[in-house]
Amino acid sequence: DAKTTQPPSMDCAEGRAANLPCNHSTISGNEYVYWYRQIHSQGPQYIIHGLKNNETNEMASLIITEDRKSSTLILPHATLRDTAVYYCIVRWYTGTASKLTFGTGTRLQVML
Amino acid sequence: EPEVTQTPSHQVTQMGQEVILRCVPISNHLYFYWYRQILGQKVEFLVSFYNNEISEKSEIFDDQFSVERPDGSNFTLKIRSTKLEDSAMYFCASGSAGTQNTEAFFGQGTRLTVV
């Protein structure tokens, strides 16, 4: 799986958009970008994933650059409950579900 | 909303004892996983399971570990002879098949403490 690089920590004011960047310059054509988060020591929570098009769901938006070498997860209106470690993961898709390789992620602190 | 459930939430065991961690995956899912997280460290992949057999395992998943799907609903991780360094949060995950729905959903974990 391609390696990802994320800033170790970020702060965001409550109510503002949180933009979490991720670099994955060695991503290959059949690798997807996944985002998960982990609140305290709970199980990782799936947020969103994409291949090359931008994606949006009820939790977040995923913007992938045209060359696919980087992406940004956007939480449009961050709340205190969004304080968590966010993981950007590149995952090889084979038609079966392969493993997720977690890095150290970005610790997002949402502040009042 | 369907979820992955794990039991127990916390297990304390003596070194050398066998322990079985239990998981009930989401009902129509076909892929099952175990991950672990030692306190303060990364989430690490242990094993994936599909069609009643292991499809991939990590170096951590040595002969002390085994997985089983004993019936249509449970998925278990057995550690035969626990060591102090097996103390960690163990997360079960499951995923469905398909071209798009390949995200894995995680349970809330079992905290294993080996004393």
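E55(A) stands opposite L62(A), a residue of strand 6 of chain A, where strands are DSSP runs of E with at least two residues and helices are runs of H or I with at least four, numbered from the N terminus. This is a predicted model, in which local features need pLDDT of at least 70 and side-chain atom pairs count only at pLDDT 80 or more, whereas totals for chains, interfaces and linings use all residues. Residues are numbered from 1 along each chain as its sequence is written, chains are lettered from A and ligands numbered from 1 in the order in which they are written, and side-chain values use heavy atoms, with hydrogens and water left out.

**Sheet and strand pairing in chain A**

- Strand 5 of chain A pairs with strand 6 (residues 61-64) of chain A in the antiparallel sense over two bridges, pairing being assigned if DSSP finds at least two bridges between two strands.
- Both strands belong to an open sheet of four strands in chain A, with the order 2-7-6-5 and antiparallel pairing.
- The edges of this sheet are strand 2 (18-23) and strand 5 (55-56) of chain A, each of which pairs on one side only.

**Overall form of the two chains**

- Chain A has zero helices and nine strands, and from the N terminus on its elements run β-β-β-β-β-β-β-β-β.
- The radius of gyration of chain A is 13 Å, close to the 13 Å that the globule rule gives for 112 residues, so chain A is as compact as a globular protein of that length; the radius is taken over C-alpha atoms, and the rule is 2.2 Å times the number of residues to the power 0.38.
- Along its principal axes, the C-alpha trace of chain A spans about 40 × 30 × 25 Å.
- Chain B has zero helices and 11 strands, and its radius of gyration is 14 Å, close to the 13 Å given by the globule rule for 115 residues, so chain B is as compact as a globular protein of that length.
- The C-alpha trace of chain B spans about 45 × 25 × 25 Å along its principal axes.

**Interface between chain A and chain B**

- In this interface, 22 residues of chain A are in contact with 21 residues of chain B, contact meaning heavy atoms within 4.5 Å.
- The two chains bury about 1,800 Å² between them, 53% of it on carbon and sulfur atoms; this is the accessible area (1.4 Å probe) that two parts lose on being put together, summed over both.
- Five residue pairs between chain A and chain B, both residues at pLDDT 80 or more, are in polar contact, that is, a pair of N or O atoms within 3.5 Å, where within protein one must be able to donate a hydrogen and the other to accept it, and residues adjacent in sequence count only if both atoms are side-chain atoms.
- Strand 3 (31-38), strand 4 (45-50) and strand 8 (84-92) of chain A each supply at least two residues of the side that touches chain B, and strand 3 of chain A gives the most, with four residues.
- The residues on that side of chain A divide into 10 nonpolar, 10 polar and two charged, with Ala, Val, Leu, Ile, Met, Phe, Trp, Tyr, Cys and Pro counted as nonpolar, Asp, Glu, Lys and Arg as charged, and the others, Gly among them, as polar.

**Salt bridges**

- Over all chains, the search finds three salt bridges, each defined by a side-chain nitrogen of Lys or Arg within 4 Å of a carboxyl oxygen of Asp or Glu.
- Across the interface of chain A and chain B the rule finds one, which K99(A) forms with E56(B), the closest N and O atoms being 3.4 Å apart.
- R37(A) forms a salt bridge with D82(A), their closest N and O atoms being 2.8 Å apart; this pair links distant parts of the chain, since R37(A) is in strand 3 of chain A and D82(A) in the loop between strand 7 (70-75) and strand 8 of chain A, 45 residues apart.

**Backbone geometry to note**

- A cis peptide bond, with omega about -10°, joins T7(B) and P8(B), and P8(B) lies in the loop between strand 1 (5-7) and strand 2 (10-13) of chain B.
- R68(A) has a phi near 65°, a positive value in a residue other than glycine, and is placed in the loop between strand 6 and strand 7 of chain A.
- Most residues other than glycine have a negative phi, and most peptide bonds are trans.
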